[in-house]
Amino acid sequence: MTRTTTPRDQPDPPPLRGDLRPPGLNADEPTTLLGFLDYLREAVVAKAEGVPDEVAKAPGVTSGTSLLGLVKHLTAVEFNWFVWAYEGADLPLRDDEIPPSDDESGAELIAAYRAAALRSNETVAACADLERPGARSLRETPPPSLRWVLVHMIEETARHAGHADIIRERYDGDVGR
């Protein structure tokens, strides 16, 4: 595996992470779904960790997507689906399209994402029936079941983990999950 050259004014990139396999669970449905979601969450985090903030906030592709922008987006999406929609918390929706600001560090954004994931996992743990619909929906549909929210968050996070893979590879050649 070769790395691309890093400009001299940037610090050396962290060591390559390599490819990690999905969780090898043979468990009940909530445990299995959360196992895969947690695996994908950590894949996104691993792509953003160790990258200098100015690089991780910079657009990695023409559309303007950045590593930390993906982390911030997923943080808002976790809150919106699990807390606002499913739990029905009396809190405002979070804008999931705001890029990281100059004063937000990568460490803070990653910590916020991990906290949102923990809160989401607590929501799942508190629900005895994955078929139970949430309090409201983010779409023009009846509130979806927790099963639907979990599967949707798996596909949402997986899609963005793929984006993070590409952006990170363009930065330092790091590939893998």
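Q: Which residues of H1 meet which residues of H4 in this predicted model?
A: From H1, Leu34, Asp38, Arg41, Glu42, Val44, Val45 and Ala48 meet Ile110, Tyr113, Arg114, Ala117, Ser120, Asn121 and Val124 of H4. Sorted by class, this contact of H1 with H4 holds 8 nonpolar, 2 polar and 4 charged residues.

Q: Why is H1 called roughly antiparallel to H4?
A: The axes of helix H1 (residues 29-48) and helix H4 (residues 106-125) come within 11 Å and cross at roughly 175 degrees. Angles over 145 degrees count as roughly antiparallel, and H1 is therefore described as roughly antiparallel to H4.

Q: What makes the pair of Trp81 and Trp148 tilted?
A: By the rule for ring pairs, the count comes to 1 aromatic pair. The ring centres of Trp81 and Trp148 are 5.1 Å apart and their planes stand at 55 degrees; since rings pair if their centres lie within 6.5 Å, and planes under 30 degrees apart count as stacked and over 60 as edge-to-face, with the rest tilted, this pair is tilted.

Q: Why does this pair tie together parts that are 67 residues apart in sequence?
A: Trp81 lies in helix H3, whereas Trp148 lies in helix H5 (residues 146-172), so the pair links parts separated by 67 residues in sequence.

Q: What is known of the lining of the largest pocket, and what share of it comes from helix H3?
A: The largest pocket, with about 280 Å³ of space, is lined by 16 residues, and Gly64, Thr65, Gly69, Leu70 and Glu97 lie nearest its centre. Helix H3 (residues 67-87) gives the largest share of this lining, 4 residues, while by class the lining divides into 5 nonpolar, 7 polar and 4 charged residues.

Methods
Residues numbered from 1 in each chain as written. Predicted model: local features only at pLDDT ≥ 70, side-chain atom pairs only at ≥ 80, totals over all residues. Heavy atoms only, no water. Axes fitted to C-alpha atoms, helices over the stretch in contact; angles between N-to-C directions. Helix = DSSP H or I, 4+ residues; strand = E, 2+ residues; numbered from the N terminus. Parallel < 35°, antiparallel > 145°, perpendicular 65-115°, else oblique. Contact = heavy atoms within 4.5 Å. Nonpolar A, V, L, I, M, F, W, Y, C, P; charged D, E, K, R; others polar. 1 Å grid on protein atoms, 1.4 Å probe; cavity = no way out; pocket = protein on both sides within 12 Å on 5 of 7 lines; lining within 4 Å. Points joined across faces, edges and corners; volume = space filled by probe spheres on them. Phe/Tyr/Trp six-rings, centres within 6.5 Å; stacked < 30°, edge-to-face > 60°.
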